[in-house]
Amino acid sequence: ISGSSLSLALPDCLHRRCERITRPFSMAAALEVKVVLPEQGVDEKLKTFAARSEALLKEWEPRVADALGFGAHEGEVHPAAITIIFCEMEGIAYWDGKAINVATHWIASHPEDIGLVVHELVHVLQAYLNVPCWFTEGMADYIRFQLLERGEFGIRIDLDKMKPRDSYRVTGWFLAQAEAKHSGLIRKLHAAAKTGVDVEQAFVQHCMGQTMDQFWAHLAAEAPAKM
């Protein structure tokens with residue numbers, strides 16, 4: 001590739017992180033997942049997606065919690081149950097504070113996109129207040145693409161045109177690079193978001209005085225002209 005662009009490869013240290021995060025974790029009680037299907041139009045594709053979603057939520061709730069350091073802050077309690085509703089709606093999926101909602105039209109055309117369930121699961125555990133949307137979504141995509149999908153973000157990063165606050169996959173990728181350089185950052189940022197500390201200030205404190213923009217510029221400077 002030319003310019004300051006990168007293909008999304010997984011650093012060796014994050015391979016080790018993925019291996020650690022995929023080990024089983026104990027929980028006080030098994031998570032109950034309530035699946036709500038439409039009254040009509042339920043085909044085998046939707047049934048399969050729903051069954052996989054239930055299994056994924058049960059498997060990944062403790063893994064997401066471990067990655068975030070969930071449970072270390074006041075008021076953080078593992079959910080006893082999570083409801084996931086499959087329905088006709090606009091958009092793709094969202095957490096409304098009570099249930100994960102997933103669009104049936106999206107499943108019909110993208111039955112392989114099971115990772116979206118883990119993205120929404122992250123929102124279940126975040127419950128951030130007064131935190132920028134780009135950060136909330138970027139953290140969720142970090143968990144999904146860096147941990148669940150082992151660094152396969154599915155986009156090309158243009159370090160000249162993109163910025164760390166571009167949200168979703170771009171911010172998720174940026175956080176993966178920063179975590180690889182400064183281990184423990186993700187937990188530090190989650191703690192900041194839960195306790196009212198500015199997340200960018202927390203980034204600076206954990207990353208040896210570098211701001212997010214300075215770390216992005218550092219990545220751009222290190223990017224080879226061709227890969």
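The stops below cover strands and then helices.

This is a predicted model, in which local features need pLDDT of at least 70 and side-chain atom pairs count only at pLDDT 80 or more, while totals for chains, interfaces and linings use all residues. Residues are numbered from 1 along each chain as its sequence is written, and side-chain values use heavy atoms, with hydrogens and water left out.

**Strand β5.** Select residues 99–103, strand β5; strands are DSSP runs of E with at least two residues, helices runs of H or I with at least four, numbered from the N terminus. Five of its five residues are buried (under 20% relative accessible area, 1.4 Å probe, protein chains only). A99, N101 and A103 lie on one side, with I100 and V102 on the other.

**Its partners.** Three residues separate β4 and β5 in a hairpin, and G97 in the turn has a positive phi of about 95 degrees.

**Helix α6.** Select residues 168–181. Ten of the 14 residues of α6 are buried, so the helix is largely enclosed by the rest of the structure. Among them are W173, F174 and L175.

**Helices α5 and α7.** Finally, select F135, M139 and Y142 of α5 together with I186, L189, H190 and A193 of α7, which make the contact between these helices (heavy atoms within 4.5 Å).

Note on methods. The expected span of a helix is 1.5 Å times one less than its number of residues. Buried means under 20% relative accessible area, exposed over 50%, partly exposed in between (1.4 Å probe, protein chains only). Two strands pair if DSSP finds at least two bridges between them.
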